[in-house]
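Let's take a walk through this one together.

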Amino acid sequence: MSITGPRGTYDILPDESRKWQWLEGLLRETAELYGFREIRTPVFEHTELFQRGVGETTDIVQKEMYTFADKARRSLTLRPEGTASCARAFIQHQIYNQPQPVKWYYLGPMFRYDRPQAGRYRQFHQFGAEVFGSNNPFVDAELIVMMVDMVFKAGLPQYDLRLNSVGCETCRPSYRQALVSFLQPIKKELCQDCRKRIELNPLRVLDCKNQGCREAVTGLPRVADYWCNDCRQHFTAVTQSLDRYEVSYTVDDRLVRGLDYYTNTAFELLVPGIGAQNAIGGGGRYNHLVREVGGPDVPGIGFAIGLERLLSGVEEAGALPVFSPDIEVYIAVTGREYEASADQALRELRRAGLKADRDYMGRSLKAQMRQADRLQVPVVVLIGEDEATRGTYTIRRMQTKEQYEIGQADLIDEVRKILVK
Ligand code: HAM
(Lines give C-alpha, C1' and ligand atoms only; values in the text may rest on other atoms or scores of the structure.)
Protein backbone atom coordinates (compact mmCIF):
# COMPACT_ATOMS: atom_id res chain seq x y z
CA MET A 1 0.00 0.00 0.00
CA SER A 2 1.35 3.43 -0.86
CA ILE A 3 1.92 6.00 1.88
CA THR A 4 -0.07 9.22 1.86
CA GLY A 5 0.41 12.39 3.91
CA PRO A 6 -1.07 12.35 7.45
CA ARG A 7 -4.74 13.29 7.89
CA GLY A 8 -5.29 17.04 8.17
CA THR A 9 -2.09 17.88 6.26
CA TYR A 10 -1.65 18.66 2.59
CA ASP A 11 1.08 19.35 0.06
CA ILE A 12 1.57 22.70 -1.59
CA LEU A 13 2.52 21.71 -5.13
CA PRO A 14 4.39 24.18 -7.35
CA ASP A 15 1.25 25.51 -9.07
CA GLU A 16 -0.10 26.37 -5.64
CA SER A 17 3.12 27.62 -4.12
CA ARG A 18 3.12 30.64 -6.45
CA LYS A 19 -0.01 31.79 -4.66
CA TRP A 20 1.59 31.26 -1.26
CA GLN A 21 4.71 33.18 -2.23
CA TRP A 22 2.58 36.05 -3.43
CA LEU A 23 0.48 36.09 -0.26
CA GLU A 24 3.46 35.77 2.06
CA GLY A 25 5.27 38.54 0.18
CA LEU A 26 2.28 40.84 0.53
CA LEU A 27 2.00 40.16 4.27
CA ARG A 28 5.71 40.67 4.88
CA GLU A 29 5.78 43.92 2.93
CA THR A 30 2.75 45.25 4.73
CA ALA A 31 4.12 44.30 8.16
CA GLU A 32 7.35 46.08 7.35
CA LEU A 33 5.42 49.21 6.36
CA TYR A 34 4.11 49.25 9.93
CA GLY A 35 7.56 48.81 11.47
CA PHE A 36 7.43 45.07 12.24
CA ARG A 37 10.51 42.84 11.97
CA GLU A 38 10.55 39.11 11.45
CA ILE A 39 11.18 36.61 14.23
CA ARG A 40 11.63 32.88 13.58
CA THR A 41 11.18 30.54 16.52
CA PRO A 42 11.38 26.72 16.61
CA VAL A 43 8.33 24.69 15.60
CA PHE A 44 8.54 22.78 18.87
CA GLU A 45 8.86 24.06 22.42
CA HIS A 46 8.75 22.66 25.95
CA THR A 47 5.17 21.58 26.58
CA GLU A 48 5.06 23.68 29.73
CA LEU A 49 5.27 26.87 27.69
CA PHE A 50 1.87 26.27 26.13
CA GLN A 51 0.38 24.91 29.33
CA ARG A 52 1.29 28.12 31.10
CA GLY A 53 0.93 30.48 28.15
CA VAL A 54 -2.11 29.30 26.24
CA GLY A 55 -3.74 27.96 29.42
CA GLU A 56 -4.46 24.55 30.99
CA THR A 57 -8.21 24.83 30.54
CA THR A 58 -8.24 25.71 26.84
CA ASP A 59 -9.28 23.27 24.12
CA ILE A 60 -5.86 23.71 22.58
CA VAL A 61 -4.01 22.44 25.65
CA GLN A 62 -6.60 19.90 26.72
CA LYS A 63 -7.28 18.26 23.38
CA GLU A 64 -5.32 19.60 20.47
CA MET A 65 -1.60 19.51 21.16
CA TYR A 66 0.89 17.30 19.39
CA THR A 67 2.90 16.41 22.46
CA PHE A 68 5.68 13.84 22.48
CA ALA A 69 8.64 12.76 24.58
CA ASP A 70 12.03 13.06 22.92
CA LYS A 71 14.78 10.49 23.45
CA ALA A 72 15.85 12.19 26.67
CA ARG A 73 12.19 12.00 27.86
CA ARG A 74 11.58 15.72 27.70
CA SER A 75 8.00 16.63 26.96
CA LEU A 76 7.92 18.68 23.78
CA THR A 77 5.00 20.05 21.79
CA LEU A 78 4.63 21.12 18.16
CA ARG A 79 3.58 24.76 18.46
CA PRO A 80 -0.20 25.19 18.25
CA GLU A 81 0.25 28.97 17.88
CA GLY A 82 3.03 31.54 17.86
CA THR A 83 2.36 34.03 20.66
CA ALA A 84 3.68 31.92 23.54
CA SER A 85 6.91 31.25 21.62
CA CYS A 86 7.37 34.99 21.01
CA ALA A 87 6.85 35.70 24.72
CA ARG A 88 9.40 32.99 25.55
CA ALA A 89 11.95 34.49 23.14
CA PHE A 90 11.21 37.99 24.46
CA ILE A 91 12.16 36.82 27.95
CA GLN A 92 15.01 34.50 27.00
CA HIS A 93 16.86 37.22 25.08
CA GLN A 94 15.93 39.95 27.57
CA ILE A 95 14.34 41.99 24.83
CA TYR A 96 12.50 43.91 27.57
CA ASN A 97 15.80 45.74 28.15
CA GLN A 98 15.65 47.17 24.63
CA PRO A 99 13.66 50.26 23.64
CA GLN A 100 9.95 49.43 23.67
CA PRO A 101 7.62 48.68 22.03
CA VAL A 102 9.04 45.72 20.19
CA LYS A 103 7.16 44.78 17.02
CA TRP A 104 7.59 41.27 15.64
CA TYR A 105 5.96 39.24 12.91
CA TYR A 106 6.23 35.59 11.95
CA LEU A 107 5.02 33.22 9.27
CA GLY A 108 4.94 29.49 9.54
CA PRO A 109 3.24 26.19 10.25
CA MET A 110 1.23 25.57 13.43
CA PHE A 111 -0.13 22.23 14.60
CA ARG A 112 -3.44 21.37 16.24
CA TYR A 113 -4.99 17.97 16.58
CA ASP A 114 -8.54 18.89 15.66
CA ARG A 115 -11.16 17.23 13.45
CA PRO A 116 -10.14 18.20 9.91
CA GLN A 117 -12.75 19.88 7.70
CA ALA A 118 -12.78 22.61 5.05
CA GLY A 119 -10.67 25.46 6.46
CA ARG A 120 -9.43 23.39 9.40
CA TYR A 121 -6.22 21.43 9.24
CA ARG A 122 -3.83 19.72 11.62
CA GLN A 123 -0.89 21.51 10.10
CA PHE A 124 -1.91 25.00 9.04
CA HIS A 125 -0.07 28.26 8.53
CA GLN A 126 -0.30 31.56 10.29
CA PHE A 127 0.98 35.03 9.75
CA GLY A 128 1.22 36.57 13.20
CA ALA A 129 2.19 39.96 14.59
CA GLU A 130 3.00 40.78 18.22
CA VAL A 131 3.77 44.05 19.98
CA PHE A 132 5.43 43.90 23.40
CA GLY A 133 5.98 46.68 25.88
CA SER A 134 3.13 49.14 25.39
CA ASN A 135 -0.37 49.38 26.79
CA ASN A 136 -1.21 52.34 24.58
CA PRO A 137 -4.65 51.86 22.96
CA PHE A 138 -3.26 53.36 19.75
CA VAL A 139 -1.18 50.19 19.45
CA ASP A 140 -4.35 48.09 19.59
CA ALA A 141 -5.85 50.20 16.82
CA GLU A 142 -2.71 50.12 14.71
CA LEU A 143 -2.57 46.34 14.84
CA ILE A 144 -6.21 45.98 13.92
CA VAL A 145 -5.75 48.44 11.06
CA MET A 146 -2.76 46.45 9.84
CA MET A 147 -4.77 43.22 9.87
CA VAL A 148 -7.60 44.84 7.91
CA ASP A 149 -5.08 46.41 5.52
CA MET A 150 -3.56 42.99 4.83
CA VAL A 151 -6.87 41.37 4.07
CA PHE A 152 -7.86 44.34 1.90
CA LYS A 153 -4.60 44.24 -0.07
CA ALA A 154 -5.05 40.51 -0.61
CA GLY A 155 -8.26 41.42 -2.45
CA LEU A 156 -10.98 41.07 0.17
CA PRO A 157 -12.61 44.44 0.79
CA GLN A 158 -15.64 42.83 2.52
CA TYR A 159 -14.94 41.92 6.10
CA ASP A 160 -16.67 41.74 9.44
CA LEU A 161 -14.47 42.93 12.29
CA ARG A 162 -15.70 41.91 15.74
CA LEU A 163 -14.39 43.81 18.72
CA ASN A 164 -14.72 43.34 22.45
CA SER A 165 -12.86 43.79 25.69
CA VAL A 166 -12.65 40.77 27.97
CA GLY A 167 -11.70 42.93 30.98
CA CYS A 168 -8.59 42.86 33.11
CA GLU A 169 -7.34 41.40 36.38
CA THR A 170 -9.25 44.07 38.28
CA CYS A 171 -12.69 43.62 36.76
CA ARG A 172 -12.71 40.10 35.38
CA PRO A 173 -13.12 38.32 38.74
CA SER A 174 -16.48 40.00 39.34
CA TYR A 175 -17.62 39.25 35.79
CA ARG A 176 -16.50 35.68 36.21
CA GLN A 177 -18.46 35.42 39.44
CA ALA A 178 -21.56 36.82 37.73
CA LEU A 179 -21.22 34.20 35.00
CA VAL A 180 -20.83 31.38 37.49
CA SER A 181 -23.91 32.53 39.40
CA PHE A 182 -25.89 32.66 36.19
CA LEU A 183 -24.64 29.35 34.83
CA GLN A 184 -24.86 27.15 37.95
CA PRO A 185 -28.69 26.96 37.99
CA ILE A 186 -28.86 26.13 34.25
CA LYS A 187 -25.97 23.67 34.34
CA LYS A 188 -28.14 20.76 33.13
CA GLU A 189 -28.93 22.54 29.89
CA LEU A 190 -25.25 22.84 28.97
CA CYS A 191 -22.99 20.41 27.13
CA GLN A 192 -20.47 18.27 29.02
CA ASP A 193 -17.60 20.60 28.16
CA CYS A 194 -19.44 23.70 29.34
CA ARG A 195 -20.44 22.06 32.62
CA LYS A 196 -16.74 21.69 33.34
CA ARG A 197 -16.07 25.21 32.10
CA ILE A 198 -18.37 26.77 34.71
CA GLU A 199 -15.73 26.21 37.36
CA LEU A 200 -12.61 26.17 35.22
CA ASN A 201 -13.17 28.94 32.71
CA PRO A 202 -16.75 30.26 32.55
CA LEU A 203 -15.95 32.84 29.86
CA ARG A 204 -15.44 30.02 27.39
CA VAL A 205 -19.12 29.09 27.68
CA LEU A 206 -19.83 32.29 25.76
CA ASP A 207 -18.44 30.97 22.52
CA CYS A 208 -19.47 27.34 22.73
CA LYS A 209 -20.76 26.32 19.32
CA ASN A 210 -23.23 23.80 20.77
CA GLN A 211 -26.80 24.86 19.88
CA GLY A 212 -28.17 23.94 23.32
CA CYS A 213 -25.53 26.06 25.07
CA ARG A 214 -26.15 28.97 22.74
CA GLU A 215 -29.82 29.00 23.63
CA ALA A 216 -29.18 28.49 27.32
CA VAL A 217 -26.82 31.42 27.59
CA THR A 218 -28.94 34.10 25.93
CA GLY A 219 -29.41 36.66 28.65
CA LEU A 220 -25.99 36.01 30.13
CA PRO A 221 -24.44 39.01 31.92
CA ARG A 222 -22.59 41.33 29.55
CA VAL A 223 -18.90 41.90 30.11
CA ALA A 224 -19.24 45.59 29.34
CA ASP A 225 -21.39 46.01 32.47
CA TYR A 226 -18.45 44.83 34.55
CA TRP A 227 -15.58 46.77 32.99
CA CYS A 228 -13.52 48.84 35.39
CA ASN A 229 -12.79 52.46 34.51
CA ASP A 230 -9.45 51.66 32.92
CA CYS A 231 -10.95 48.97 30.72
CA ARG A 232 -13.78 51.25 29.64
CA GLN A 233 -11.39 54.09 28.80
CA HIS A 234 -9.04 51.78 26.97
CA PHE A 235 -11.84 50.31 24.89
CA THR A 236 -13.25 53.76 24.06
CA ALA A 237 -9.83 54.97 22.98
CA VAL A 238 -9.41 51.93 20.70
CA THR A 239 -12.79 52.50 19.06
CA GLN A 240 -12.14 56.23 18.62
CA SER A 241 -8.85 55.50 16.97
CA LEU A 242 -10.46 52.95 14.64
CA ASP A 243 -13.09 55.56 13.76
CA ARG A 244 -10.35 57.99 12.80
CA TYR A 245 -8.81 55.30 10.60
CA GLU A 246 -12.29 54.76 9.12
CA VAL A 247 -12.15 51.06 9.86
CA SER A 248 -15.62 49.70 10.56
CA TYR A 249 -16.25 47.18 13.34
CA THR A 250 -19.03 45.59 15.33
CA VAL A 251 -18.81 45.55 19.09
CA ASP A 252 -19.57 41.93 20.01
CA ASP A 253 -19.85 41.37 23.73
CA ARG A 254 -20.03 37.59 23.21
CA LEU A 255 -16.56 37.54 21.68
CA VAL A 256 -14.13 35.70 23.92
CA ARG A 257 -11.20 33.99 22.37
CA GLY A 258 -10.09 30.39 22.70
CA LEU A 259 -6.80 31.18 24.45
CA ASP A 260 -6.47 32.09 28.10
CA TYR A 261 -3.91 34.87 27.91
CA TYR A 262 -6.22 37.64 26.70
CA THR A 263 -6.95 40.77 28.70
CA ASN A 264 -8.80 43.89 27.50
CA THR A 265 -9.10 44.16 23.72
CA ALA A 266 -10.10 41.03 21.79
CA PHE A 267 -10.97 40.94 18.10
CA GLU A 268 -11.71 38.63 15.23
CA LEU A 269 -11.93 39.17 11.49
CA LEU A 270 -14.59 37.20 9.66
CA VAL A 271 -14.94 36.99 5.92
CA PRO A 272 -18.17 35.91 4.20
CA GLY A 273 -18.24 33.12 1.61
CA ILE A 274 -15.56 30.73 2.84
CA GLY A 275 -17.78 28.29 4.73
CA ALA A 276 -18.18 27.57 8.42
CA GLN A 277 -14.57 28.32 9.31
CA ASN A 278 -14.93 31.99 8.42
CA ALA A 279 -12.60 33.46 11.06
CA ILE A 280 -9.66 34.56 8.99
CA GLY A 281 -7.78 35.99 11.89
CA GLY A 282 -8.04 36.99 15.49
CA GLY A 283 -6.10 38.39 18.36
CA GLY A 284 -6.07 40.63 21.36
CA ARG A 285 -4.17 42.03 24.29
CA TYR A 286 -2.27 39.77 26.67
CA ASN A 287 -0.98 42.09 29.35
CA HIS A 288 0.26 39.34 31.68
CA LEU A 289 1.41 36.59 29.33
CA VAL A 290 5.08 37.51 29.67
CA ARG A 291 4.76 37.32 33.45
CA GLU A 292 2.88 34.00 33.23
CA VAL A 293 5.71 32.38 31.31
CA GLY A 294 8.38 33.64 33.70
CA GLY A 295 9.32 37.18 32.68
CA PRO A 296 8.58 40.69 33.95
CA ASP A 297 5.03 42.02 33.78
CA VAL A 298 5.26 43.50 30.29
CA PRO A 299 2.06 44.14 28.32
CA GLY A 300 1.52 42.84 24.81
CA ILE A 301 -0.97 42.56 21.99
CA GLY A 302 -1.07 40.66 18.72
CA PHE A 303 -3.08 38.78 16.15
CA ALA A 304 -2.70 35.91 13.74
CA ILE A 305 -4.21 35.31 10.32
CA GLY A 306 -4.83 31.77 9.06
CA LEU A 307 -3.21 31.66 5.64
CA GLU A 308 -5.29 28.75 4.27
CA ARG A 309 -8.48 30.63 5.09
CA LEU A 310 -7.22 33.92 3.71
CA LEU A 311 -6.08 32.29 0.49
CA SER A 312 -9.33 30.41 0.03
CA GLY A 313 -11.23 33.69 0.57
CA VAL A 314 -9.08 35.38 -2.06
CA GLU A 315 -9.66 32.53 -4.53
CA GLU A 316 -13.37 32.49 -3.77
CA ALA A 317 -13.52 36.22 -4.54
CA GLY A 318 -11.58 35.70 -7.79
CA ALA A 319 -9.02 38.18 -6.51
CA LEU A 320 -5.83 36.26 -7.26
CA PRO A 321 -3.39 38.20 -9.42
CA VAL A 322 -2.22 36.89 -12.80
CA PHE A 323 1.23 35.41 -12.24
CA SER A 324 4.00 35.86 -14.77
CA PRO A 325 5.14 32.61 -16.44
CA ASP A 326 7.68 30.50 -14.55
CA ILE A 327 9.92 30.19 -17.62
CA GLU A 328 10.56 33.20 -19.85
CA VAL A 329 12.63 31.62 -22.61
CA TYR A 330 12.52 28.10 -23.96
CA ILE A 331 15.25 26.72 -26.22
CA ALA A 332 14.09 24.32 -28.91
CA VAL A 333 16.49 22.31 -31.07
CA THR A 334 15.86 20.48 -34.34
CA GLY A 335 18.12 17.60 -33.35
CA ARG A 336 20.21 16.32 -30.46
CA GLU A 337 23.42 17.49 -32.12
CA TYR A 338 22.40 21.05 -31.17
CA GLU A 339 22.01 20.37 -27.45
CA ALA A 340 25.47 21.78 -26.68
CA SER A 341 24.56 25.09 -28.42
CA ALA A 342 21.30 25.10 -26.46
CA ASP A 343 23.30 24.79 -23.23
CA GLN A 344 25.47 27.72 -24.21
CA ALA A 345 22.42 29.89 -24.86
CA LEU A 346 20.84 28.74 -21.58
CA ARG A 347 23.94 29.66 -19.63
CA GLU A 348 24.03 33.12 -21.14
CA LEU A 349 20.33 33.73 -20.50
CA ARG A 350 20.48 32.57 -16.89
CA ARG A 351 23.59 34.64 -16.20
CA ALA A 352 21.64 37.65 -17.44
CA GLY A 353 18.88 36.87 -14.92
CA LEU A 354 16.40 35.41 -17.38
CA LYS A 355 14.43 32.29 -16.51
CA ALA A 356 15.28 29.78 -19.19
CA ASP A 357 14.89 26.07 -19.83
CA ARG A 358 15.09 23.50 -22.62
CA ASP A 359 13.99 20.01 -23.54
CA TYR A 360 15.81 17.03 -22.05
CA MET A 361 13.47 14.32 -23.32
CA GLY A 362 14.57 14.15 -26.97
CA ARG A 363 11.18 15.49 -28.07
CA SER A 364 10.49 16.31 -31.72
CA LEU A 365 10.53 20.01 -32.62
CA LYS A 366 6.73 19.97 -32.76
CA ALA A 367 6.52 18.44 -29.29
CA GLN A 368 9.02 20.99 -27.98
CA MET A 369 6.80 23.79 -29.28
CA ARG A 370 3.79 22.18 -27.59
CA GLN A 371 5.78 22.07 -24.37
CA ALA A 372 6.68 25.76 -24.75
CA ASP A 373 2.97 26.50 -25.18
CA ARG A 374 2.10 24.53 -22.06
CA LEU A 375 4.69 26.50 -20.11
CA GLN A 376 3.21 29.73 -21.54
CA VAL A 377 6.68 30.86 -22.46
CA PRO A 378 6.72 34.23 -24.23
CA VAL A 379 9.91 33.56 -26.23
CA VAL A 380 11.31 30.46 -27.92
CA VAL A 381 14.87 30.34 -29.25
CA LEU A 382 15.20 27.86 -32.13
CA ILE A 383 18.52 26.25 -32.95
CA GLY A 384 19.00 24.04 -36.03
CA GLU A 385 21.43 23.46 -38.84
CA ASP A 386 21.03 26.94 -40.41
CA GLU A 387 21.48 28.74 -37.12
CA ALA A 388 24.50 26.63 -36.18
CA THR A 389 26.27 27.29 -39.48
CA ARG A 390 25.44 30.98 -39.55
CA GLY A 391 26.15 31.63 -35.84
CA THR A 392 22.56 32.85 -35.28
CA TYR A 393 19.42 32.06 -33.30
CA THR A 394 15.87 32.10 -34.56
CA ILE A 395 13.56 33.94 -32.20
CA ARG A 396 9.88 33.03 -32.07
CA ARG A 397 7.54 35.37 -30.25
CA MET A 398 4.87 33.03 -29.00
CA GLN A 399 2.12 35.59 -28.72
CA THR A 400 2.33 36.93 -32.30
CA LYS A 401 3.90 33.78 -33.85
CA GLU A 402 6.41 36.16 -35.45
CA GLN A 403 9.76 34.51 -36.26
CA TYR A 404 13.13 36.04 -37.25
CA GLU A 405 16.86 35.43 -37.03
CA ILE A 406 19.29 37.36 -34.85
CA GLY A 407 23.06 37.23 -34.35
CA GLN A 408 24.09 35.16 -31.32
CA ALA A 409 25.59 38.23 -29.64
CA ASP A 410 22.18 39.97 -29.66
CA LEU A 411 20.35 37.24 -27.74
CA ILE A 412 20.05 38.93 -24.34
CA ASP A 413 19.10 42.34 -25.71
CA GLU A 414 16.50 40.85 -27.99
CA VAL A 415 14.89 38.71 -25.28
CA ARG A 416 14.87 41.61 -22.84
CA LYS A 417 13.22 43.79 -25.47
CA ILE A 418 10.45 41.25 -25.92
CA LEU A 419 9.94 40.80 -22.21
CA VAL A 420 10.36 44.53 -21.54
CA LYS A 421 12.67 43.66 -18.76
P1 HAM B 1 -6.37 31.68 16.91
O2 HAM B 1 -7.69 32.39 16.84
O3 HAM B 1 -6.34 30.40 17.63
O4 HAM B 1 -5.36 32.71 17.54
O5 HAM B 1 -5.83 31.45 15.44
C6 HAM B 1 -5.73 32.51 14.52
C7 HAM B 1 -6.19 32.09 13.15
O8 HAM B 1 -5.50 30.90 12.74
C9 HAM B 1 -7.66 31.69 13.07
O10 HAM B 1 -8.48 32.83 12.93
C11 HAM B 1 -7.68 30.82 11.83
O12 HAM B 1 -7.73 31.62 10.66
C13 HAM B 1 -6.34 30.14 11.89
N14 HAM B 1 -6.49 28.77 12.42
C15 HAM B 1 -6.56 28.38 13.70
N16 HAM B 1 -6.69 27.03 13.78
C17 HAM B 1 -6.70 26.56 12.52
C18 HAM B 1 -6.78 25.25 11.92
N19 HAM B 1 -6.88 24.14 12.67
N20 HAM B 1 -6.76 25.16 10.56
C21 HAM B 1 -6.65 26.27 9.79
N22 HAM B 1 -6.55 27.52 10.30
C23 HAM B 1 -6.58 27.67 11.63
C24 HAM B 1 -4.04 32.45 17.77
O25 HAM B 1 -3.45 31.49 17.36
C26 HAM B 1 -3.35 33.54 18.54
N27 HAM B 1 -1.95 33.16 18.73
C28 HAM B 1 -3.46 34.87 17.83
C29 HAM B 1 -2.78 35.95 18.58
C30 HAM B 1 -1.57 36.46 18.32
N31 HAM B 1 -3.25 36.56 19.65
C32 HAM B 1 -2.36 37.43 20.07
N33 HAM B 1 -1.34 37.39 19.28
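Y261 puts a polar side-chain atom 3.0 Å from a nitrogen atom of the ligand, which makes a polar contact here (a pair of N or O atoms within 3.5 Å; within protein, one must be able to donate a hydrogen and the other to accept it, and residues adjacent in sequence count only if both atoms are side-chain atoms). On its own the ligand exposes 660 Å², and the protein buries 95% of that (accessible areas are from the Shrake-Rupley method with a 1.4 Å probe; for residues, only the protein chains shown count as cover). Keep in mind that this is a predicted model: local features need pLDDT of at least 70, side-chain atom pairs count only at pLDDT 80 or more, and totals for chains, interfaces and linings use all residues. Residues are numbered from 1 along each chain as its sequence is written, and side-chain values use heavy atoms, with hydrogens and water left out.

R257 has a polar side-chain atom 2.8 Å from a ligand oxygen, while an N or O atom in the side chain of T83 is 2.9 Å from a ligand nitrogen.

Now for the whole shell: 25 residues surround the ligand, each with a heavy atom within 4 Å of it. They split into 10 nonpolar, nine polar and six charged (Ala, Val, Leu, Ile, Met, Phe, Trp, Tyr, Cys and Pro count as nonpolar, Asp, Glu, Lys and Arg as charged, the others, Gly among them, as polar). β10 gives the most, with six residues; helices (H or I, at least four residues) and strands (E, at least two) are DSSP runs numbered from the N terminus.

Next, look at the open sheet of five strands, ordered β13-β12-β14-β15-β16 with mixed pairing (strands pair if DSSP finds at least two bridges between them). β13 (356-358) and β16 (403-407) are at the edges with a single partner strand each, so one side of each has no neighbour in the sheet. Three bridges join β12 (residues 329-333) to β13, and the two run parallel, with V329 opposite A356 in β13.

Finally, the loop between α4 (83-92) and β5 (102-111) holds P101. The peptide bond from Q100 to P101 is cis, with omega near 0°. Q94 is in the loop between α4 and β5 too, and has a positive phi of about 50° although it is not a glycine. Most residues other than glycine have a negative phi, and most peptide bonds are trans.
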